Every structure is written in C-alpha cells, then in structure tokens.
Amino acid sequence: MDHLIELRSRLVWCVVAFVLAFFVCFYFAADIQIWLIKPFQAAYAMHSIAQASGAHGANPLELIAVTAGLHPLPQGATANVALQATAPLEQLFTKMKVAGFGAIALAFPILAYQMYRFVAPGLYRNEKGAFLPFLFVAPVLFLVGAALVYFVMLPFVMWFSLSQQIAAEGITVELNTKISEYLSLVTSLMLAFGLCFQLPVVTTLLGMAGIISSKMMSEFRRYAIVAVVVVAAVVTPPDPISQIMLAVPLVLLYEISIWCVRIIELRRKKADDAEGLTA
C-alpha cells in the first residue's frame, strides 16, 4: 500500500506538471507553429531562387544556414508560405496537438525526476550513481535528434517536395500543404529521431544489467545495420534523403554504443580484479 500511495503521489505531480506545461504551450501555440514552419519557409525561399536561376538543386550548407538563421534569405527569394486549414476547427486541434507535444518536452525534467524518485528507494548507492546520469543524457540525445530533424532533415524534405511540382502549358501541380499534416510530419519525425537517438542509453543500461555484451553487439553488427535501415524506412517519409539522414547517425550511434558497453565491461573487470586482490 505504501508503494501504491507513493506511485499515486508521483503520478499526481506528473499530471500537474503536464497540465501546466500544456496551458503554457497552448498560449504560445501560434508562436510555436511559426517556429516549426521556419524550415518550410527556408526551403520555399531556396526553391524559388533555384527556379529563377534554372538550378536543379539547393546548396545544402546554405539551406541549413538559412534555416538556422545564420544566413539571411537570398535577395529576391519568395518566402511567403501559405499553409491550408480545410476544416473549421482544424487549426484549434492542431494547436492542441502542438501544445501537447511541447508540454511533454517542457515537463520532461519533472517527469524524469518523479520517475527517479519513485525507483530510487529500491536502488543501491552504486546503482543510483549509475542511473542518475542517464536522466541528463537521455534528453540531450533527444534534443540532438530533434535538432537534426529541424535544421537538416525538414528543409531538405520540403525542398524535395517542392521540386516535385509540375508547371506546364495549361497544367499546374502545386504543393498546397495542410497545416495539420505538416505539423504532424514535424512532430512525428522529431519524436522518431529523438527516440532512435536513445540507442546508446538503452544499450548501455542493458550492458550494465549484463543482458548484452560488446562482443555480442560486434557479432550482430551486420544484422543491426539491416534493422537500422528497416527502421529508417518505416519511420521516415518515402524518400532516400530522409532515410539516409536517420540511418547514418543510427549506425554511428550503434558503434558508440559498442564502445560504451566495452568501457562498462572493462570497469567491471577492474572492480572484480580489485576485489580479488583484496580478498
């Protein structure tokens, strides 16, 4: 019963934190939407310049710099992006979805702390010291994945989508994006990349628990690469650019995970040897 009371208390704190964060994010929902549309605006501007000059591609570094605000929009670029809301309450529900997504990100430190406070009494001192750093590493990796989506992937995905338009004599195929579909794409990609970037955290915890080893991960590397490619194909739009942008970092993170597990094994071996010498 004490554990259930403690769990209820922690859940109440989580719900209160989420609700407060939701109202804050809903108040600024329009500003958050504008911020999330910036990559589309950068892609739209660069695409208009490419069309005017007859170029067939965009400068990747310039596109990223424009999205990040490090470089102004090129002179003569058209940056008037118009997204569609085709239902009376579509924009309201879109704001609520954005506010919910932002509330999770804003309240995550409190949610993680409450989770840690619930499980901490059942951990030994060395287990607490091992578990606590992951509460800081996990959100950092999530932000890295979300930043990769915002600054790199989204501009190229939208530029690629704009480049598929058709303009011929008497025939025009234009990209008229719905605000709900665009923001669903943004939030789903950020969530997918953020969760996939938790690979080192998950594998390190499994290594600490003795469930996996660095030797096992090295032997299954080829299968892991195939699994990464499949995951990238499932969670990203059906274009090779976005799939490569997710697959390559995941392969690198898998290699980093092997080294993390290997370091844990070396430390464990050193501690075992020290205990043997003491005995």
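Start by selecting glutamate 255: at a relative accessible area of 25%, this residue is partly exposed. Keep in mind that you're looking at a predicted model.

How many salt bridges does the structure hold? There are three, so let's visit the others, because side chains of opposite charge can pair when their charged atoms come close.

Next, pick lysine 178 and glutamate 90, whose side chains meet at 4.0 Å, N to O. Here distant parts of the chain are linked: lysine 178 is in the loop between β2 (171-173) and α6, while glutamate 90 belongs to helix α4 (residues 90-119), 88 residues away. Glutamate 90 is buried at 9% relative accessibility, whereas lysine 178 is partly exposed at 25%.

Then jump to glutamate 6 and arginine 10, with a salt bridge of 2.7 Å, N to O. Both are in helix α1 (residues 2-27), four residues apart, or about one turn of the helix. Arginine 10 is buried, at 15%.

Last stop: show helix α2 (residues 29-53) with helix α6 (residues 179-196), packed at about 85° with axes 11 Å apart. That makes α2 roughly perpendicular to α6. Zoom in on the contact, where residues including Leu36 and Phe40 of α2 meet residues including Leu183 and Met190 of α6. The contact residues are nine nonpolar, one polar and no charged.

Conventions: Residues numbered from 1 in each chain as written. Predicted model: local features only at pLDDT ≥ 70, side-chain atom pairs only at ≥ 80, totals over all residues. Heavy atoms only, no water. Axes fitted to C-alpha atoms, helices over the stretch in contact; angles between N-to-C directions. Helix = DSSP H or I, 4+ residues; strand = E, 2+ residues; numbered from the N terminus. Parallel < 35°, antiparallel > 145°, perpendicular 65-115°, else oblique. Contact = heavy atoms within 4.5 Å. Nonpolar A, V, L, I, M, F, W, Y, C, P; charged D, E, K, R; others polar. Buried < 20%, exposed > 50% of the residue type's maximum accessible area, 1.4 Å probe, protein only.
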